[in-house]
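Keep the 3D view open as you read.

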Number of protein chains: 2
Amino acid sequence: MSIRGFELRQLRYFVAVAEEQSFRKASERLHISQPPLTRQIQAMESELGAELFMRTSRGVELTQAGRILFEEANNILMLSERAAERAILAGKGQLGRLDIGIFGSATFDTIPKIILSFRNAHPNVKVVLHNMTKWEQITALRERRITVGFNRFVTEEADIVLDTVYTENAMLALHRSHPFSRRNEIRFKDLRGQPLILYPRSSRGGFADILMSTCRDSGFEPWVAHEVDDVSTSIALVSCGFGLCVVPESARNLKLPGVIYRPLTDAKRLNIDLCCLYRRDDQSPLLAAFMDIVHSYGR
Amino acid sequence: MSIRGFELRQLRYFVAVAEEQSFRKASERLHISQPPLTRQIQAMESELGAELFMRTSRGVELTQAGRILFEEANNILMLSERAAERAILAGKGQLGRLDIGIFGSATFDTIPKIILSFRNAHPNVKVVLHNMTKWEQITALRERRITVGFNRFVTEEADIVLDTVYTENAMLALHRSHPFSRRNEIRFKDLRGQPLILYPRSSRGGFADILMSTCRDSGFEPWVAHEVDDVSTSIALVSCGFGLCVVPESARNLKLPGVIYRPLTDAKRLNIDLCCLYRRDDQSPLLAAFMDIVHSYGR
DNA sequence: ATCGGCGATACCTTTTCGGTATATCCTGAA
DNA sequence: TTCAGGATATACCGAAAAGGTATCGCCGAT
């Protein structure tokens with residue numbers, strides 16, 4: 001007469017009795033003795049207010065109520081097994097959802113490769129990409145909206161781990177008609193007096209600032225022809241002949257009309273690092289699995 | 001490290017903690033104290049080999065594994081409630097499947113009405129009709145292939161209950177061109193010397209035998225023009241002018257060209273009873289519910 | 001009539017579950 | 001730094017539930 005419902009053990013017992021059509025055989029299958037089985041079934045019947053089995057001289061047979069419950073019980077037991085299996089998988093980082101913050105200029109080469117590799121290794125994990133700026137990523141990490149972010153030139157934060165994934169060389173994007181296109185070797189100081197396109201415009205401490213201070217370290221003030229928001233736009237401007245643009249190597253995948261790429265031979269001090277960002281206290285197995293993949297990429 | 005899976009109680013506890021995001025609040029909602037909750041969740045976690053909650057200073061938060069289990073658990077709990085409800089319904093005869101054996105000549109009036117009425121009262125019961133002869137019905141009842149049968153002139157069987165549902169008058173089916181069609185009153189003995197169509201041909205002790213012995217009781221030997229299997233065929237023969245046919249009243253619903261029906265005014269001794277047949281030991285609530293409907297029909 | 005197989009019951013043992021008290025950890029404030 | 005407050009975890013105990021053994025009662029087959 002209690003209000004609480006069944007227990008799965010009772011459903012397991014019930015299914016065993018229904019399938020064996022015998023309390024005794026079912027008790028052997030369940031490795032218990034027969035009386036507890038009788039008692040559990042009786043408890044279920046009194047809770048339902050209906051008989052589940054017709055006791056005959058040769059064993060038992062399902063009633064209508066029993067037949068209905070039998071269908072439901074099989075389904076429920078199957079689902080409960082699946083639930084445990086899926087939870088275990090999720091605990092190993094092989095199932096679930098991974099929200100990743102990405103940004104412009106690494107979207108064209110490294111990040112797709114990493115994500116592709118991760119999806120092959122963990123096909124049951126749903127990967128969701130969010131395009132967001134550096135600071136949006138930090139905020140989203142703190143608010144648990146993303147689990148991991150990709151960015152460059154990230155300032156240290158106490159609760160965020162920075163993990164350098166990949167260091168790229170700087171390259172110069174220029175129009176085919178520019179005189180530099182015929183030179184074998186372009187050095188950083190050659191940029192003096194050249195119209196430069198800088199990005200990103202908005203955030204301080206980003207690539208644009210690094211580039212400008214590197215220019216000054218090389219002994220000249222850069223001629224900033226344009227400032228734009230992202231690498232795609234800046235390459236588009238290069239394509240129209242607005243000037244030169246220093247980009248990470250991976251930007252070469254952006255092929256626009258007239259745009260060619262040349263190595264900057266002495267740009268070693270310009271470290272263009274791709275970093276992974278994640279919460280220092282994040283113990284998620286999905287993050288660990290993802291970082292494993294990422295590190296297997298660290299050249 | 002045990003092999004056995006979850007219990008529903010654990011899933012209920014888990015869902016409460018996940019929804020309240022707090023062991024304490026969940027314990028209040030479940031009307032138990034907090035330590036048992038902690039222990040049950042720990043048991044689940046150790047069984048899964050994965051944490052389900054991240055314990056923070058302000059409460060708890062689901063891990064990936066927890067999120068997966070949460071979805072599954074809600075589904076399973078919902079299904080287990082439904083299972084109990086459906087079993088209870090089935091126990092009351094309001095859910096399930098009812099296999100009914102029917103036969104030819106009552107199919108046209110009484111049986112459809114009864115079944116319609118039953119389906120209105122028990123919309124969740126699936127009614128399956130099986131057209132079978134008297135003896136097929138008896139066998140099918142014994143083998144549990146049907147729960148109830150309809151028939152006429154059924155011989156007593158020890159394990160089968162006969163329940164007379166409805167008593168019909170006998171009528172005479174004849175062709176419009178027959179001389180009787182102009183008479184106001186046709187009496188049984190008027191059938192002397194008339195070509196009669198009898199059915200069913202196959203089974204002994206059926207309507208045909210009853211009719212013949214009734215003729216002999218009235219002092220004449222019937223002229224058996226034809227014997228056919230069922231009432232539909234016999235009416236078809238009447239329609240073609242092969243002769244006369246004594247039928248139950250409900251056969252009037254069979255309208256064929258040229259066939260008219262006339263009362264047999266002194267046929268009272270020809271009881272055409274429609275019987276329900278079911279197993280004497282059948283305690284099924286569906287049968288009880290069906291017989292309730294049937295009896296509410298017994299004029 | 002008797003025997004054997006089945007489920008039900010009585011009674012006892014073992015396990016599990018829930019409650020109380022307390023420990024431990026973390027955070028926020030003085 | 002310390003302390004208070006609120007959170008979960010642990011230790012220990014009593015209560016409830018589950019399982020085991022022995023036995024009963026019933027029914028059908030021999």
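This is a predicted model: local features need pLDDT of at least 70, side-chain atom pairs count only at pLDDT 80 or more; totals for chains, interfaces and linings use all residues.

**Aromatic rings**

Over all chains, the count comes to 14 aromatic pairs. Where do B:F14 and B:F53 lie in chain B? B:F14 belongs to helix α1 (residues 8-20) and B:F53 to strand β1 (residues 53-56), so the pair ties together parts that are 39 residues apart in sequence. B:F14 also counts as buried, because its relative accessibility is 0%.

A second pair in chain B is formed by B:F188 and B:F220. Their ring centres lie 6.5 Å apart with the planes at 45 degrees, so this pair is tilted too. It links distant parts of the chain, 32 residues apart: B:F188 sits in the loop between β7 (170-175) and β8 (195-198), while B:F220 sits in the loop between α7 (207-217) and β9 (223-227). Are these two residues, B:F188 and B:F220, buried or exposed? Both B:F188 and B:F220 are buried.

In chain A, ring pairs join A:F14, A:F23 and A:F53 into a cluster. A:R183 lies over the face of A:F180, 4.8 Å from the ring centre, and in chain B the charged end of B:R183 sits over the ring of B:F180, at 4.8 Å from its centre.

**A hairpin in chain B**

Back to the strand that holds B:F53. Strand β1 of chain B pairs with strand β2 (residues 59-62) in the antiparallel sense, over 4 bridges. Within chain B, β1 and β2 form a hairpin with 2 residues between them. To find the facing positions, look for B:T56, which stands opposite B:G59 in β2.

Now turn to DNA strand D. There are 18 residues around DNA strand D, and A:Y13, A:R39, B:F23, B:Q42 and B:R55 come nearest. Sugar and phosphate make up 60% of the atoms of DNA strand D that come within 4 Å of the protein. By class, the surface near DNA strand D has 6 nonpolar, 8 polar and 4 charged residues.

DNA strand C is surrounded by 17 residues, of which the closest are A:F23, A:R55, B:Y13, B:S33 and B:R39. For DNA strand C, 62% of the atoms within 4 Å of the protein belong to sugar or phosphate, and the rest to bases. The surface near DNA strand C has 6 nonpolar, 7 polar and 4 charged residues. Which elements each supply at least two residues of that surface near DNA strand C? They are α2 (23-29) and α3 of chain A, together with α1 and α3 of chain B.

| Protein atom | DNA atom | Distance |
|---|---|---|
| A:Q40, polar side-chain atom | DNA strand D, sugar or linking oxygen | 3.2 Å |
| B:R24, backbone N or O atom | DNA strand D, phosphate oxygen | 3.2 Å |
| B:R55, polar side-chain atom | DNA strand D, phosphate oxygen | 2.5 Å |
| A:F23, backbone N or O atom | DNA strand C, phosphate oxygen | 2.5 Å |
| A:R24, polar backbone atom | DNA strand C, phosphate oxygen | 2.9 Å |
| B:Q40, side-chain N or O atom | DNA strand C, phosphate oxygen | 3.4 Å |

Methods. Residues are numbered from 1 along each chain as its sequence is written. Chains are lettered from A and ligands numbered from 1 in the order in which they are written. Side-chain values use heavy atoms; hydrogens and water are left out. Rings of Phe, Tyr and Trp (its six-membered ring) pair if their centres lie within 6.5 Å; planes under 30 degrees apart count as stacked, over 60 as edge-to-face and the rest as tilted. Buried means under 20% relative accessible area, exposed over 50%, partly exposed in between (1.4 Å probe, protein chains only). A charge sits over a ring if NZ of Lys or CZ of Arg is within 6 Å of the ring centre and within 35 degrees of the ring normal. A residue is near a molecule or strand if one of its heavy atoms lies within 4 Å of it. A polar contact is a pair of N or O atoms within 3.5 Å; within protein, one must be able to donate a hydrogen and the other to accept it, and residues adjacent in sequence count only if both atoms are side-chain atoms. Ala, Val, Leu, Ile, Met, Phe, Trp, Tyr, Cys and Pro count as nonpolar, Asp, Glu, Lys and Arg as charged, and the others, Gly among them, as polar. Two strands pair if DSSP finds at least two bridges between them.
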